[in-house]
Amino acid sequence: MTVPSGAPVAGRIRVLLVNQPTDGGGAFHVQTLARRLPDHGVETTVACPPGPWADDLAASGVAVVEVPMVREVAAGTDLAALRRLRAIAGAGEHDIVHTH
């Protein structure tokens with residue numbers, strides 16, 4: 001398998017799951033993926049807002065990167081979140097970025 005840049009992937013596939021809503025079906029879906037993908041050889045990290053949902057994921061052994069994000073449009077917060085996510089994704093530590 002190769003990543004879009006053409007660089008070969010060595011070892012496990014590394015996925016960054018980005019999730020803002022920490023409730024409802026989307027959150028449940030991401031939580032399930034984050035906890036079960038490692039059983040299939042996928043190294044998983046979740047980028048999400050800080051809070052109880054992030055704490056619960058981390059307590060269950062999921063790697064969590066806290067990124068302040070909110071549902072409503074908030075220019076300053078949105079720009080800060082975009083910059084943080086861009087830095088995380090741009091660090092080259094993930095083969096796939098999957099957003100929700």
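Me: Which residue just after H3 takes a positive phi?

Reply: Gly-92 does, with a phi of about 80°. Helices (H or I, at least four residues) and strands (E, at least two) are DSSP runs, numbered from the N terminus. The model is predicted, so local features need pLDDT of at least 70 and side-chain atom pairs count only at pLDDT 80 or more, while totals for chains, interfaces and linings use all residues. Residues are numbered from 1 along each chain as its sequence is written, and side-chain values use heavy atoms, with hydrogens and water left out.

Me: How many residues has H3, and what does it span?

Reply: H3 has 16 residues and reaches 22 Å from its first C-alpha to its last. That is close to the 22 Å expected at 1.5 Å a residue; the expected span is 1.5 Å times one less than the number of residues in the helix.

Me: Which residues of H3 are buried?

Reply: Ala-81, Leu-85 and Ile-88 are buried in H3. They lie on the same side of H3, because they cover an arc of only 60° around the axis. The arc is that of the directions from the helix axis to the C-beta atoms. Buried means under 20% relative accessible area, exposed over 50%, and partly exposed in between (1.4 Å probe, protein chains only).

Me: And which exposed residues does the face turned away from the buried side carry?

Reply: That face of H3 carries Ala-75, Gly-76, Leu-82, Arg-83, Arg-86 and Gly-90.

Me: What do the buried residues of H3 pack against?

Reply: They pack against E1, E2 and strand E3 (63-66). Contact here means heavy atoms within 4.5 Å.

Me: Switching to H1: which of its residues are buried?

Reply: Ala-27, Val-30, Gln-31 and Ala-34 are the buried residues of H1. They cover an arc of only 100° around the axis, which puts them on the same side of H1. What covers them includes E1, E2 and H2. Gly-25, Phe-28 and Arg-36 are exposed on the face of H1 turned away from the buried side.

Me: What about H2: which residues are buried there?

Reply: In H2 the buried residues are Trp-53, Ala-54 and Leu-57. Seen down the axis of H2, they fall within an arc of 100°, so they line one face of the helix. These buried residues pack against H1, E2 and E3. Pro-52 and Ala-59 are exposed on the other side of H2.

Me: Which residue follows H2?

Reply: Gly-61 follows H2, and its phi is positive, near 100°.

Me: Which residues make up the largest nonpolar core?

Reply: The largest nonpolar core has 12 residues in all, including Val-15, Leu-17, Val-30, Val-42, Trp-53 and Val-62. The elements that give two or more residues to this core are E1, H1, strand E2 (42-48) and H2. Another core, of 9 residues, lies apart from it and has Leu-16, Val-18, Ala-47 and Ile-88 among them. A nonpolar core is a set of buried Ala, Val, Leu, Ile, Met, Phe, Trp, Tyr and Cys residues joined through side-chain atoms within 4.5 Å.

Me: Is Thr-44 buried or exposed?

Reply: Thr-44 counts as buried, at 8% relative accessibility. Thr-44 is found in strand E2. Leaving aside its neighbours within four places in sequence, Thr-44 is in contact with Val-15, Leu-17, Ala-34, Leu-37, Pro-38 and Ala-63.

Me: Which backbone oxygen lies 3.3 Å from a polar atom of its side chain?

Reply: The backbone oxygen of Val-42 does. Leaving aside its own neighbours within four places in sequence, Val-42 is in contact with Arg-12, Ile-13, Val-15 and Leu-37.

Me: One last topic: how many salt bridges does the structure hold?

Reply: The structure holds 2 salt bridges. A salt bridge is a side-chain nitrogen of Lys or Arg within 4 Å of a carboxyl oxygen of Asp or Glu.

Me: What does Arg-14 meet in a salt bridge?

Reply: The side chain of Arg-14 meets that of Asp-95 (3.0 Å, N to O). Asp-95 lies in the loop between helix H3 (75-90) and strand E4 (96-99) and Arg-14 in strand E1 (residues 13-18), so the pair ties together parts that are 81 residues apart in sequence. Asp-95 is buried, with a relative accessible area of 14%, whereas Arg-14 is partly exposed, at 26%.

Me: And which side chain does Arg-35 meet?

Reply: Arg-35 meets the side chain of Asp-56 in a salt bridge (2.9 Å, N to O). Arg-35 is in helix H1 (residues 24-36) and Asp-56 in helix H2 (residues 52-59), 21 residues apart, and the pair links distant parts of the chain. Arg-35 is partly exposed, with a relative accessible area of 33%, and Asp-56 counts as partly exposed at 38%.

Key: Polar contact = N/O pair within 3.5 Å; in protein donor to acceptor, adjacent residues only side chain to side chain.
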